[in-house]
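User: Could you take me through this model before I plan my reading of it? I would like to begin with the pairing of its strands.

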Amino acid sequence: FVTAVDISSPLLSRAKERAMGVKNVKFLKADAQIYGFDANSYDRVISRFGVMFFDDPIAAFTNIAHSMKPGGKMVFAAWAALDKNPWFEVPLRAAGEILGYPPAPEPRAAGPMAFEDRDYVRDILQQAGWRDIEVIEETLSLTPQGHVSDIATFATRVGPGSRVIDAMNGTEADAARIEAIVADRFGIFDTGTGVRIPAVLNICRAVK
């Protein structure tokens with residue numbers, strides 16, 4: 001049996017749509033950092049680009065470990081460094097060129113790149129009581145669907161670029177200028193049969 005957990009109602013709704021007809025899944029709107037999961041109940045925990053947003057990752061991974069059976073395994077994917085991920089870097093730089101940059105966030109503040117340092121990830125998991133920790137770097141290509149201009153719009157409206165626009169009170173006209181820059185720079189990733197954006201991830205595995 002699978003328990004799907006997210007703090008976001010829209011994301012849970014989308015997950016329910018995708019799982020239509022699957023009988024062995026339940027959906028839970030909760031903050032995995034603090035939710036009172038039953039102790040020693042789960043065999044596996046999997047996350048894709050979610051755990052970097054914990055406010056207190058040590059507390060969160062301690063709570064998750066509490067819910068796992070002895071020997072239970074965890075695997076998650078997180079983004080590596082910004083300069084290895086043009087999906088985030090290109091919109092961020094474009095927004096900064098048009099609007100300037102807001103004050104830099106605190107180091108390792110919750111966000112997409114919070115787990116870019118593999119040694120940091122190992123350390124917080126050790127403090128949270130996990131063992132046999134492995135964090136490796138994986139290179140792949142993102143395959144967003146659509147024309148490069150549509151992909152540029154999406155990339156600009158989420159992630160670090162969108163936060164610069166919000167923080168600097170950017171207008172719709174500003175956003176359109178930024179999207180045009182992003183589309184131009186993403187053009188090098190258009191293969192003619194689809195856009196392929198290089199990406200680097202940190203894949204973590206650990207055992208309770």
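**Strand pairing and surroundings**

Analyst: P198 in strand 6 is the bridge partner of S141. Helices (H or I, at least four residues) and strands (E, at least two) are DSSP runs, numbered from the N terminus.

User: What kind of model is it, and how are residues numbered?

Analyst: It is a predicted model, in which local features need pLDDT of at least 70 and side-chain atom pairs count only at pLDDT 80 or more, while totals for chains, interfaces and linings use all residues. Residues are numbered from 1 along each chain as its sequence is written, and side-chain values use heavy atoms, with hydrogens and water left out.

User: How many bridges join strand 5 to strand 6?

Analyst: Ten bridges join strand 5 (residues 131-142) to strand 6, and the two run antiparallel. Two strands pair if DSSP finds at least two bridges between them.

User: And how many join strand 4 to strand 6?

Analyst: Seven bridges join them, with strand 4 (residues 68-79) also antiparallel to strand 6. In strand 6, A206 is the bridge partner of M74.

User: Changing topic, which residues of helix 7 are buried?

Analyst: They are D174, A175, I178, E179, V182, A183 and F186. An α-helix has 3.6 residues a turn, so residues three or four places apart point the same way.

User: What covers those buried residues?

Analyst: The cover includes helix 3 (86-99), helix 5 (148-157), helix 6 (159-167) and strand 6 (197-207).

User: How many residues does helix 7 have, and what does it reach?

Analyst: Helix 7 (residues 172-186) has 15 residues and reaches 20 Å from its first C-alpha to its last, close to the 21 Å expected at 1.5 Å a residue. That expected span is 1.5 Å times one less than the number of residues.

User: Which element gives the most to the lining of the second largest pocket?

Analyst: Helix 6 does, with three residues. By class, the lining has 17 nonpolar residues (Ala, Val, Leu, Ile, Met, Phe, Trp, Tyr, Cys and Pro), one polar (the others, Gly among them) and five charged (Asp, Glu, Lys and Arg).

Terms used. Buried < 20%, exposed > 50% of the residue type's maximum accessible area, 1.4 Å probe, protein only. Contact = heavy atoms within 4.5 Å.
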